[in-house]
Structures are given as structure tokens and as C-alpha cells.
Amino acid sequence: HYLSAPTWDGVPLSPADLESAAEFGVEARRDGDVLVHCAHGRGRSTTVMCACLVKAGLFSNWEEAFDKGIKPYRTVCKLNKRMKENLTAWQTQYVDGKKAI
């Protein structure tokens, strides 16, 4: 399985693209390990991994996924303002919005 989601350094995926990437990651995980990467391995890949960890049901929100699932193991990871905004929008639309349905 392979998914390419090109974006400029520091520019996060849109909420819809985060959802697609998270769904892909969860589905691909059924067949084995999954590698998520970007050029520097600190922001864009971290943004996608936050969504994947929530989508997989390992954490209830992206903040928890970042603070407890990623940052303790990879301390160089960081999210800029736009990454946090897009993760919050993704969480609202694709996670929290689905709970009410």
C-alpha cells in the first residue's frame, strides 16, 4: 500500500485530506506496519500520525495523541499553528461529528 500526500514544508493537509490519510493508515495497518514520513519528520508526518492514532481508536483526540502517543517518544516533533487548526477542524468534522450520528 502506498499513499502520497504532497504538501509544502510547514503546510498541513486539509481536514479532508487528513481524513483520507487517516483512513488509509488504519486500513493499511491491518496488513502490517505503517510508515508515515515527511522530509524532516517533525510536523507534517506528526499531523497525519495524530489523525491516524485517533482514527484507530487509540486516543480520543489529536491533542492526546500528540501529547501521550507521539511527543514522549519523538521529542523533536512539533505542530505549527496551521497544523493545530487543521487537526482541530478535522477532529470537529470527522471525529466529534461522527459521534452524534
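At what angle do the axes of helix α2 and helix α3 cross? The sections below start there and then walk through the rest of the fold.

## About the model

This is a predicted model, in which local features need pLDDT of at least 70 and side-chain atom pairs count only at pLDDT 80 or more, while totals for chains, interfaces and linings use all residues. Residues are numbered from 1 along each chain as its sequence is written, and side-chain values use heavy atoms, with hydrogens and water left out.

## How α2 meets α3

Two packed helices are described by the angle between their axes and the distance between the axes. Helix α2 covers residues 44-55 and helix α3 covers residues 62-70; their axes cross at roughly 105° and come within 9 Å. Because of that angle, α2 is roughly perpendicular to α3 (angles of 65 to 115 degrees count as roughly perpendicular, under 35 as roughly parallel, over 145 as roughly antiparallel and the rest as oblique). Axes here are lines fitted to C-alpha atoms, for helices over the stretch in contact, and angles run from 0 to 180 degrees between N-to-C directions. Helices are DSSP runs (H or I, at least four residues), numbered from the N terminus.

On the α2 side, the contact (heavy atoms within 4.5 Å) is made by T46, M49, C50, L53 and V54, and on the α3 side by W62, A65, F66 and I70. Sorted by class, this contact has eight nonpolar residues, one polar residue and no charged ones. In that sorting, Ala, Val, Leu, Ile, Met, Phe, Trp, Tyr, Cys and Pro count as nonpolar, Asp, Glu, Lys and Arg as charged, and the others, Gly among them, as polar.

## The nonpolar core

The largest nonpolar core has 22 residues, and L18, C50, L79, L87 and W90 have the most contacts inside it. Such a core is a set of buried Ala, Val, Leu, Ile, Met, Phe, Trp, Tyr and Cys residues joined through side-chain atoms within 4.5 Å. At least two of its residues come from each of α1 (15-29), α2, α3 and α4 (81-99), and α2 gives the most, with six.

Take L87 as a place to look around. Leaving aside residues up to four places away in sequence, L87 touches L18, T47, C50, A51, W62 and L79.

The expected span is 1.5 Å times one less than the number of residues in the helix. Its buried residues are P15, L18, E19, A21, A22, G25 and A28 (buried means under 20% relative accessible area, exposed over 50% and partly exposed in between, with a 1.4 Å probe and protein chains only). S20 is also in helix α1, but S20 is partly exposed, with a relative accessible area of 41%.

Helix α2 has twelve residues and reaches 17 Å from its first C-alpha to its last, close to the expected 16 Å. It is mostly covered, with ten of its twelve residues buried. Just after α2, G57 takes a positive phi of about 85°.

T47 belongs to helix α2 and is buried, with a relative accessible area of 1%. Not counting residues up to four places away in sequence, T47 touches P12, L18, L79, M83 and L87.
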